[in-house]
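Visitor: Could you take me through one part of this structure in detail? I would like to follow a single element and see what packs around it.

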Amino acid sequence: KEAQAINKSLSALGDVIQALSKRQGHVPFRNSKLTQVLQDSMEGGSKVAMFVNVSPTVESAGETVCSLNFASRVRGVELGPAGGAAKTPTAKAVTPKARSLSGRA
C-alpha cells in the first residue's frame with residue numbers, strides 16, 4: 001500500500017514537471033501532497049535538482065528500471081532560468097568565506 005502511494009506521488013510529480021515544461025496554463029500541483037509541498041520550489045526562478053537512487057542487486061532491478069525511466073522522463077525538462085540566486089544576501093555573505101576556504105581568495 002505504501003509503494004502505491006509513493007508511485008502515485010511520483011506520477012503526480014511527473015505530471016507537474018511535464019505541465020511546467022510545456023508551459024501549460026494549469027499545473028496540477030494539488031494532485032498530491034508531494035507536489036503541493038514542492039510547488040514553491042518548482043515555480044519562478046528556483047533551481048531544481050533530482051537524485052535517483054538505484055541498486056545493483058537483482059532483487060531491486062524492477063524498482064531500478066522504474067526509477068531510471070522516471071529520471072529519463074524528467075531529465076530533458078527545462079523549467080526556465082534560475083536567475084538571481086547569487087544575488088541573495090546569504091550567497092553574498094558566504095561566497096568570500098567559501099573562496100578563502102578553497103584557497104582561491
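Guide: Residues 24 or more positions apart account for 44% of the contacts in the chain that have a separation of 6 or more. Bear in mind that this is a predicted model. The chain has four helices and zero strands, so written from the N terminus on, its elements run α-α-α-α. Of its 105 residues, 16% count as buried.

Let's take helix H1 as our part. H1 covers residues 2-21, which is 20 residues. From its first C-alpha to its last it reaches 29 Å, close to the 28 Å expected at 1.5 Å a residue. After the helix comes Arg23, whose phi is positive, near 55 degrees.

Which residues of H1 are buried? They are Ala12, Leu13, Gly14, Val16, Ile17, Ala19 and Leu20. An α-helix has 3.6 residues a turn, so residues three or four places apart point the same way.

Let's start with H2. The axes of H1 and H2 come within 10 Å and cross at roughly 30 degrees. Angles under 35 degrees count as roughly parallel, and therefore H1 and H2 are roughly parallel to each other. Their crossing is right-handed. On the H1 side, the contact is made by Ser9, Ala12, Leu13, Val16, Ile17 and Leu20, while H2 brings Leu34, Thr35, Leu38 and Met42. By class, this contact of H1 with H2 has eight nonpolar, two polar and no charged residues.

Is Ser32 buried or exposed? At 8% relative accessibility, Ser32 counts as buried, because the cut-off is under 20%. Leaving aside its neighbours within four places in sequence, Ser32 is in contact with Ser9 and Ala12. Both Ser9 and Ala12 are also among the H1 residues that make the contact with H2.

Now for H3. H1 and H3 pack at an angle of about 15 degrees, with their axes 10 Å apart. That makes H1 roughly parallel to H3 as well. H1 passes H3 in a left-handed crossing, whereas the crossing of H1 and H2 is right-handed. Leu10, Leu13, Gly14, Asp15, Ile17 and Gln18 of H1 make the contact with Phe70, Arg73 and Val74 of H3. By class, the contact of H1 with H3 has five nonpolar, two polar and two charged residues.

Cys66 is found in H3 and is exposed, with a relative accessible area of 53%. Cys66 and Asn7 are 59 residues apart in sequence and 9.8 Å apart in space, C-alpha to C-alpha. Thr64 is also found in H3, but at 13% relative accessibility Thr64 counts as buried. Not counting residues up to four places away in sequence, Thr64 touches Val54 and Ser55.

How values were computed:
Residues are numbered from 1 along each chain as its sequence is written. This is a predicted model: local features need pLDDT of at least 70, side-chain atom pairs count only at pLDDT 80 or more; totals for chains, interfaces and linings use all residues. Side-chain values use heavy atoms; hydrogens and water are left out. Helices (H or I, at least four residues) and strands (E, at least two) are DSSP runs, numbered from the N terminus. The expected span of a helix is 1.5 Å times one less than its number of residues. Buried means under 20% relative accessible area, exposed over 50%, partly exposed in between (1.4 Å probe, protein chains only). Axes are lines fitted to C-alpha atoms, for helices over the stretch in contact, and angles run from 0 to 180 degrees between N-to-C directions. Angles under 35 degrees count as roughly parallel, over 145 as roughly antiparallel, 65 to 115 as roughly perpendicular and the rest as oblique. A crossing is left-handed if the near helix is turned anticlockwise from the far one by less than a right angle, and right-handed if clockwise. Contact means heavy atoms within 4.5 Å. Ala, Val, Leu, Ile, Met, Phe, Trp, Tyr, Cys and Pro count as nonpolar, Asp, Glu, Lys and Arg as charged, and the others, Gly among them, as polar.
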